[in-house]
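I set out to record what I looked up on pockets and charged contacts. The entries follow the order in which I took up each topic.

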Amino acid sequence: MPLKPLPLSFYEHPDPVHLAYALIGKVLVTEFKGERTSGRIIETEAYHGSQDRASHAYKGRTKRTEVMFGPGGRAYVYLCYGLHQMFNIVTNVEGVAHAILVRALEPLEGIDVMLRRTGKAKADATLTRGPGNVGKALGFHTSQCGLALEGPELLIADDGFRYPAGAIAVSPRIGVAYAGEDALLPYRFYVQGHPSVSGRPR
């Protein structure tokens, strides 16, 4: 089945947890500087805006988080530890800072490009495992913050693929212990048993 880009209205759903689940199995596509890469989304995390202590938006609107308070269907790319370009999807409507972090993919197109970008010698399960590798492999950079997910450079599409019932698991998010009770929220979704999923089931 050909790729059918998700409309920007898809990202306006009021519940980021619903969207984080719905995005599992969809195809993330980038075409930066004429180099096309894509991968099937196999791990996501939802962030519930200003009420979520794990969210960058928890402390309010800043220069860094301005894009999160904009309309849904835009990219929020931030630099982590001065090394990793982390790709997030802004959701909901303008003024509500919800977002979804894409934590892992199953590579589909442009694997040679991904290998060059990541400096890896072979296409093993680590190529797009974890949000840092997703950012490198698909060519993300903070300069792309605010880019709309409607192509041609960036989009998410549905190719008709669906995981079978029970294949998608849920857990607390990874690496947000500082968020107190919010760190325990079941906001992470992943394909059970997939070798490219980051972290261990909890």
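**Pockets**

I first sorted the lining of the largest pocket by class and found 15 nonpolar, seven polar and three charged residues. I note that the model is a predicted one.

I then looked up the volume of the largest pocket, which comes to about 510 Å³. Of its 25 lining residues, I list those closest to the centre as Tyr 78, Cys 80, Met 86, Leu 101 and Gly 175. Two or more lining residues come from each of β3, β4, β5 (84–91), β6 and α3 (131–137).

Next I turned to the second largest pocket, with about 180 Å³ of space. Its lining has three nonpolar, three polar and four charged residues. I wrote down the lining residues as Phe 32, Lys 33, Glu 35, Arg 117, Gly 139, Phe 140, His 141, Gln 144, Leu 147 and Glu 153.

**Salt bridges**

I asked how many salt bridges the structure holds. The count is twelve, and I examined some of them individually.

I began with Arg 103 and Glu 45, whose side chains form a salt bridge at 3.7 Å, N to O. Arg 103 belongs to strand β6 (residues 98–109) and Glu 45 to strand β3 (residues 35–47), so this pair links parts 58 residues apart in sequence. Are these two partners buried or exposed? Arg 103 has a relative accessibility of 9% and counts as buried; Glu 45, at 0%, is buried as well.

I then looked at Asp 182 and Arg 53, a salt bridge with its closest N and O atoms 3.3 Å apart. Asp 182 sits in the loop between β8 (168–171) and β9 (188–191), and Arg 53 in the loop between β3 and β4 (74–80), so the pair ties together parts 129 residues apart in sequence. Asp 182 is buried, with a relative accessible area of 12%, whereas Arg 53 is partly exposed at 34%.

My next entry concerns Asp 158 and Arg 162, whose side chains meet in a salt bridge of 3.0 Å, N to O. Asp 158 is buried at 16% relative accessibility, because the limit for buried is under 20%. Arg 162 has a relative accessible area of 51% and is exposed, because exposed means over 50%.

Finally, I checked for shared partners and found that salt bridges join Glu 43, Glu 45, Arg 103 and Arg 188 into one network.

Terms used. Residues are numbered from 1 along each chain as its sequence is written. This is a predicted model: local features need pLDDT of at least 70, side-chain atom pairs count only at pLDDT 80 or more; totals for chains, interfaces and linings use all residues. Side-chain values use heavy atoms; hydrogens and water are left out. A salt bridge is a side-chain nitrogen of Lys or Arg within 4 Å of a carboxyl oxygen of Asp or Glu. Helices (H or I, at least four residues) and strands (E, at least two) are DSSP runs, numbered from the N terminus. Buried means under 20% relative accessible area, exposed over 50%, partly exposed in between (1.4 Å probe, protein chains only). On a 1 Å grid over the protein atoms alone, a cavity is a set of points where a 1.4 Å probe fits but cannot get out, and a pocket is an open set with protein on both sides within 12 Å along at least five of seven lines; lining residues have an atom within 4 Å of a point. Grid points are joined across faces, edges and corners, and a volume is the space filled by probe spheres set on the points. Ala, Val, Leu, Ile, Met, Phe, Trp, Tyr, Cys and Pro count as nonpolar, Asp, Glu, Lys and Arg as charged, and the others, Gly among them, as polar.
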